[in-house]
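Q: Could you walk me through this structure, one feature at a time, and show me how to read each?

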Amino acid sequence: MNEPVEEREALWDKFLQRWPLESLAGMTLEQYSRTGDQDCFVYWLELLTESLGSIWGGSAFKFGVYSRRDQSERVSDSERSYSTDYAWYSQYGATAEEAFAQVLGQIVFIAQAARSGDLDAVEQARLGPALKWKLAFLYQDPDQPCVLPIYGLRFLRAATNQPSALAAPALQRELLAARGEQNLFAYADTCWTTALAWIKTQAVGE
């Protein structure tokens, strides 16, 4: 989180101009994920908006369904399914198209919930934590922010600078309540620094 605040604010605006909430429901599978396409939705989420909170780590399955770079034959099972072009979590459907319909429905649900400030609804969404909270950050009301660009539960808890067993919605609310008039990104940087210091302190004490 070292980029200038103004750059991050401009990037947030740029993302919303490219992928406005109002047109999300019309997104196609190819627009969502396509190997080699640096303008597809998942590329924006993971790489182009990395400075708005990182979701690096894990496999591409975190997107629910994704375009395969390696198109070698793979055997589907009850957890993961494969076609030549796509891979997806089997829970979402029997085909890539069925899976994408389910994933897109969850994305739209999260975006609408975040825009209205309903963090408990976001928490209930059927997508992985990092993905759903980044979506919530991006689609919240920028004029009334309710989500910090910190998506890992461990880091949110550490940012409170005390032991905590709270879930993400409560942690986001607690941290945002202490923001005052500070710029959202500047305040997030402070929270991130606090989180790293807390985690380091705990590691030293173990």
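A: Let us start with Q172, which lies in helix α8, residues 168-177; helices are DSSP runs of H or I of at least four residues, strands are runs of E of at least two, and both are numbered from the N terminus. This is a predicted model, in which local features need pLDDT of at least 70 and side-chain atom pairs count only at pLDDT 80 or more, while totals for chains, interfaces and linings use all residues. Residues are numbered from 1 along each chain as its sequence is written, and side-chain values use heavy atoms, with hydrogens and water left out.

Q: Is Q172 buried or exposed?

A: Buried means under 20% relative accessible area, exposed over 50%, and partly exposed in between, with a 1.4 Å probe and protein chains only. Q172 has 0% relative accessibility, so Q172 counts as buried.

Q: What lies around Q172?

A: Contact means heavy atoms within 4.5 Å. Setting aside neighbours within four places in sequence, Q172 touches L119, C146, V147, L148, I150 and L156. A polar atom of the Q172 side chain also lies 3.4 Å from the backbone oxygen of I150.

Q: What does the side chain of E46 make a polar contact with?

A: A polar contact is a pair of N or O atoms within 3.5 Å; within protein, one must be able to donate a hydrogen and the other to accept it, and residues adjacent in sequence count only if both atoms are side-chain atoms. For E46, the partner is the side chain of K62, at 2.6 Å. E46 counts as buried because its relative accessible area is 13%. Beyond four places in sequence, E46 is in contact with I55, W56, K62 and F63.

Q: How many aromatic pairs are there, and how do I read one?

A: A pair of aromatic rings is described by the distance of the centres and the angle of the planes. Rings of Phe, Tyr and Trp (its six-membered ring) pair if their centres lie within 6.5 Å; planes under 30 degrees apart are stacked, over 60 edge-to-face, and the rest tilted. The structure holds 14 such pairs. One of them joins F61 and Y66, edge-to-face at 5.2 Å centre to centre with 85 degrees between the planes. Both F61 and Y66 are buried. Elsewhere, F15, W19, Y32, F41, W44, F100 and Y139 form one aromatic cluster.

Q: Where does the charged end of R18 sit?

A: A charge sits over a ring if NZ of Lys or CZ of Arg is within 6 Å of the ring centre and within 35 degrees of the ring normal. The charged end of R18 sits over the ring of W19, 3.9 Å from its centre. R154 does likewise over F155, at 5.5 Å.

Q: And where is N161 found?

A: N161 is in the loop between α7 (153-159) and α8. Although N161 is not a glycine, its phi is positive, about 65 degrees. With 46% relative accessibility, N161 counts as partly exposed.

Q: How many helices and strands does the protein have?

A: There are 9 helices and 3 strands, in the order α-α-α-β-β-β-α-α-α-α-α-α along the sequence. Of the 206 residues, 46% count as buried.
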